[in-house]
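Reader: I would like to go through this structure with you, one topic at a time. Could you take my questions as they come?

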Amino acid sequence: MTQPRMRAAAVTTPSPQPPPERLDLPVIKKGKKLTGAKREKFAKKVVAAYRTPGRRVTIREICEATGRSYGAIHSVLSQAGATRHGPRTGGAAGQVTS
């Protein structure tokens, strides 16, 4: 007769970064269009979250918080005239070294 199998203990590893702080952004249902005053209000909140002093909030974090796509958030930031963060490498964009 065979012995019953023992379950292996679940191995959990800590996440490399602490969980993101709540950004207090509205969640928009998938497929819903934002126009007019609602879009302007949403854009102001997104830009304010993106420019949070003391914390580098990414477009992807805003996407997760709002339920909108990367392209939608990128468009909102561009249309609002927000200056975007530099490249992920931390170097100056377009900088040429000799």
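Reader: Is arginine 68 buried or exposed?

Author: In this predicted model, arginine 68 has a relative accessibility of 18%, so the residue counts as buried. The cut-off for buried is under 20%.

Reader: Where does arginine 68 lie?

Author: Arginine 68 is in the loop that joins H2 and H3. Just after H2, glycine 67 adopts a positive phi of about 80 degrees.

Reader: Which residues is arginine 68 in contact with, leaving aside neighbours within four places in sequence?

Author: The contacts are Ile28, Lys29, Lys32, Phe42, Cys63 and Ile73. As for lysine 29, 39 residues separate it from arginine 68 in sequence, while the C-alpha atoms of the two are 8.1 Å apart in space.

Reader: Isoleucine 73 is on that list. Where is isoleucine 73 found, by element?

Author: Isoleucine 73 belongs to helix H3. Its relative accessibility is 0%, and therefore isoleucine 73 counts as buried.

Reader: What does isoleucine 73 touch, not counting residues up to four places away in sequence?

Author: Isoleucine 73 touches Phe42, Val46, Ile59, Ile62, Cys63, Thr66 and Arg68.

Reader: Let us turn to the core. Which members of the largest nonpolar core touch the most other members?

Author: They are Phe42, Val46, Ile59, Ile62, Ile73 and Leu77, out of 18 residues in that core. The elements giving two or more residues to the core are helix H1 (36-50), helix H2 (59-66) and helix H3 (70-79). H1 provides the largest share, with 6 residues.

Reader: At what angle do H1 and H3 pack?

Author: The angle is about 90 degrees, and the axes lie 9 Å apart. H1 and H3 are therefore roughly perpendicular to each other.

Reader: Which residues meet there?

Author: From H1, Arg39, Phe42, Ala43, Val46, Val47 and Tyr50 take part. They meet Ile73, Ser75, Val76, Leu77 and Gln79 of H3.

Reader: Now H2. Which of the residues of H2 are buried?

Author: The buried residues of H2 are Ile59, Glu61, Ile62, Cys63 and Thr66. H1 and H3 are included in what covers them.

Reader: Glutamate 61 is one of those buried residues. What does its side chain meet in a salt bridge?

Author: The side chain of glutamate 61 meets that of arginine 55, at 3.2 Å from N to O. Both arginine 55 and glutamate 61 are buried.

Reader: How many salt bridges does the structure hold?

Author: The structure holds 1 salt bridge.

Reader: Finally, the chain as a whole. How many helices and strands does the chain have?

Author: The chain has 3 helices and 0 strands, and its elements run α-α-α from the N terminus on.

Technical notes: Residues numbered from 1 in each chain as written. Predicted model: local features only at pLDDT ≥ 70, side-chain atom pairs only at ≥ 80, totals over all residues. Heavy atoms only, no water. Core = buried A, V, L, I, M, F, W, Y, C linked by side-chain atoms within 4.5 Å. Buried < 20%, exposed > 50% of the residue type's maximum accessible area, 1.4 Å probe, protein only. Helix = DSSP H or I, 4+ residues; strand = E, 2+ residues; numbered from the N terminus. Salt bridge = Lys/Arg side-chain N within 4 Å of Asp/Glu carboxyl O. Contact = heavy atoms within 4.5 Å. Axes fitted to C-alpha atoms, helices over the stretch in contact; angles between N-to-C directions. Parallel < 35°, antiparallel > 145°, perpendicular 65-115°, else oblique.
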